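Hi,

Here is the structure I promised to pass on. My notes follow below it.

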Amino acid sequence: MSGVGEVGDRYVVGVDYGTLSGRALVVRVRDGAELGTAVHEYRNAVIESALPDGGPSLPPDWALQDPQDYRDVLRHAVPAAVAAAGVDPRDVVGIGIDFTACTILPTLADGTPLCEVPELRQRPHAWVKLWKHHAAQPHADRINALAHERGEPWIGRYGGRISAEWQFAKGLQLLEEDPEVYRRADRFIEAADWIVWQLCGVETRNVCTAGYKGIMQDGKYPSTDYLTALNPDFGDFVTKLDGPLMPLADKAGELTAEAAGWTGLPQGIAVAVGNVDAHVTAASAQALAPGRLVAIMGTSTCHVVNGAQPAEVAGMCGVVEGGISAGAWGYEAGQSGVGDIFGWFVKHAAPAEVASHERLTELATAQPVGAHGLVALDWWNGNRSLLVNHDLSGMIVGLTLATRPEDVYRALLEATAYGTRMIIEAFVEAGVPVNDLVIAGGLTSNKLLMQIYADVTNRPLSIIGSAQGPALGSAIHAAVAAGEYPSIHEASQAMGRISEAVYRPDPDRVRAYDALYAEYRTLHDHFGRGANDVMLRLRAIRNAAAGSAASTNETASEEVA
Ligand SMILES: Nc1ncnc2c1ncn2[C@@H]1O[C@H](COP(=O)(O)OP(=O)(O)O)[C@@H](O)[C@H]1O
Ligand SMILES: O=C(CO)[C@@H](O)[C@@H](O)COP(=O)(O)O
């Protein structure tokens with residue numbers, strides 16, 4: 001982090017909306033130097049048990065958020081980052097944002113979130129559905145079955161399966177579980193586009209979320225005929241989704257007077273088209289060239305890589321023209337649970353005396369590959385790629401009375417590396433080159449995890465040169481939107497940064513992991529591809545038990561009342 005700039009320097013602000021917080025970063029235009037940052041934790045974090053104002057328990061697999069938390073990031077983190085940077089706000093020329101996706105909310109035509117309409121505030125479907133909201137799996141299953149039955153042309157661009165995490169599954173669930181809220185929703189809009197709307201007063205749809213999360217291919221959404229075949233009342237869904245489609249790094253509009261008041265930035269500066277936290281990072285990792293796969297590793301992992309041509313890769317999230325950067329076909333895959341799995345073990349399973357990532361990592365580092373005798377399936381939050389089924393669950397094989405907490409922790413780290421290797425192999429087998437790996441996100445801090453990924457994938461790992469990859473990427477997009485660079489390529493070269501081949505595979509450990517990976521693949525295919533659906537049966541039993549518990553609670557509360 002260099003000192004403040006020279007006379008005439010200009011700055012941009014990147015805002016990264018993660019799962020639990022929003023992070024603002026002030027960046028110098030000429031070289032991408034990161035001058036100041038601030039974080040604002042969401043007051044309502046992830047709403048998983050009950051709405052903030054109270055009310056009945058939410059069903060399993062629900063994950064909501066409060067849009068006021070997003071506005072508060074603009075009010076608190078942006079001014080604080082500018083103050084920390086010590087720059088004159090009048091020298092800031094642009095702001096860019098990225099968001100988790102598909103994080104989506106129903107609004108009125110003027111952008112008012114339905115959860116802020118008084119008579120709808122107690123309706124769960126009126127709130128933001130976070131990317132990890134997995135309660136629409138049955139709806140996704142119907143979307144996929146009908147798409148294959150009808151031979152819909154777009155299904156191949158999504159690896160053959162649309163995820164429960166994405167817009168159409170969440171929209172169909174909204175319609176069928178709360179038709180009134182569905183009808184009141186003039187818009188169903190990604191939070192990335194909604195916050196841009198709040199900043200510049202212009203409603204847009206960025207090609208990234210529209211393409212990967214909204215089934216927008218070649219400028220078209222699925223047909224009305226297909227939608228009404230899903231549900232006769234679903235034919236108008238695209239009218240809620242649709243809006244002016246904008247390419248990444250374009251200028252969506254200019255900061256309004258109201259937003260200038262929130263942020264402390266000059267009214268009229270460029271507001272970049274919204275972006276997704278994974279895809280925006282390719283620019284800050286200098287990985288826009290085809291074949292450089294960026295894995296953004298945090299609560300989840302997103303894998304993004306540019307290719308010269310479109311190809312259909314079974315189980316990938318999608319391929320979108322210009323989805324990462326204009327002029328290339330952007331591919332996305334993902335693992336819906338990574339850091340969250342490690343966090344689950346630390347918070348809910350490890351004994352207190354070792355319950356920290358740092359301590360467990362330290363204990364797990366010493367042992368040779370395979371010494372713990374464990375293989376795990378990394379599906380604690382379902383499987384996003386390649387199986388695209390959020391009713392799948394986690395598994396550990398090989399546990400004995402001699403197993404120790406650090407053994408399990410290491411097996412979980414390794415399982416997520418096996419999952420990434422499955423994804424890389426799927427791309428390569430489908431003809432999408434993956435020449436090397438670039439890692440970004442909060443998990444780059446775990447050196448054991450990084451070395452495991454190098455050994456399991458047998459590829460060198462380069463590490464992004466910023467602890468704030470997404471926010472730096474958004475700042476780079478803001479610089480292009482403000483006209484400081486002719487394209488994202490020049491801006492990425494000037495403002496992005498990377499440390500090449502920081503972790504290299506060790507041949508002996510590579511061989512040892514090949515044997516364990518073979519066992520992972522056997523378990524993956526057995527429990528994930530229909531040979532034994534015990535995970536799905538257990539999920540159905542859990543949901544039924546949860547349902548009966550909820551009704552018992554309601555009866556009890558009625559009796560008390
Ligand atoms: N040292 C660590 N080793 C492994 N996992 C970690 C470590 N520190 C934090 N985590 C996990 O990483 C996740 C946070 O990742 P981060 O990138 O900071 O957040 P986000 O995904 O919201 O951007 C949490 O799930 C946490 O449990
Ligand atoms: O799915 C995507 C991007 O496509 C992510 O936004 C989502 O997995 C959330 O990412 P984080 O793990 O919160 O950084």
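Which residues are closest to ligand 2? Thr19, Lys213, Thr299, Ser300 and Glu332, out of 13 that surround ligand 2, where near means a heavy atom within 4 Å.

Before the rest, some housekeeping. This is a predicted model, with local features needing pLDDT of at least 70 and side-chain atom pairs counted only at pLDDT 80 or more, while totals for chains, interfaces and linings use all residues. Residues are numbered from 1 along each chain as its sequence is written, chains are lettered from A and ligands numbered from 1 in the order in which they are written, and side-chain values use heavy atoms, leaving out hydrogens and water.

Back to ligand 2. On its own ligand 2 exposes 370 Å², and the protein buries 93% of that (Shrake-Rupley, 1.4 Å probe).

Now ligand 1, which also has 13 residues around it, with Arg23, Thr299, Gly339, Gly442 and Asn446 nearest. Backbone N or O atoms sit by ligand 1 oxygens in Thr299, at 2.7 Å, and in Gly339, at 3.0 Å. The Asn446 side chain comes 3.1 Å from a ligand 1 nitrogen. Alone, ligand 1 exposes 580 Å², of which the protein buries 74%. Helix α11, residues 339-348, supplies the largest share of that shell, four residues (helices are DSSP H or I runs of at least four residues).

Cheers

Key. A polar contact is a pair of N or O atoms within 3.5 Å; within protein, one must be able to donate a hydrogen and the other to accept it, and residues adjacent in sequence count only if both atoms are side-chain atoms. Helices (H or I, at least four residues) and strands (E, at least two) are DSSP runs, numbered from the N terminus.
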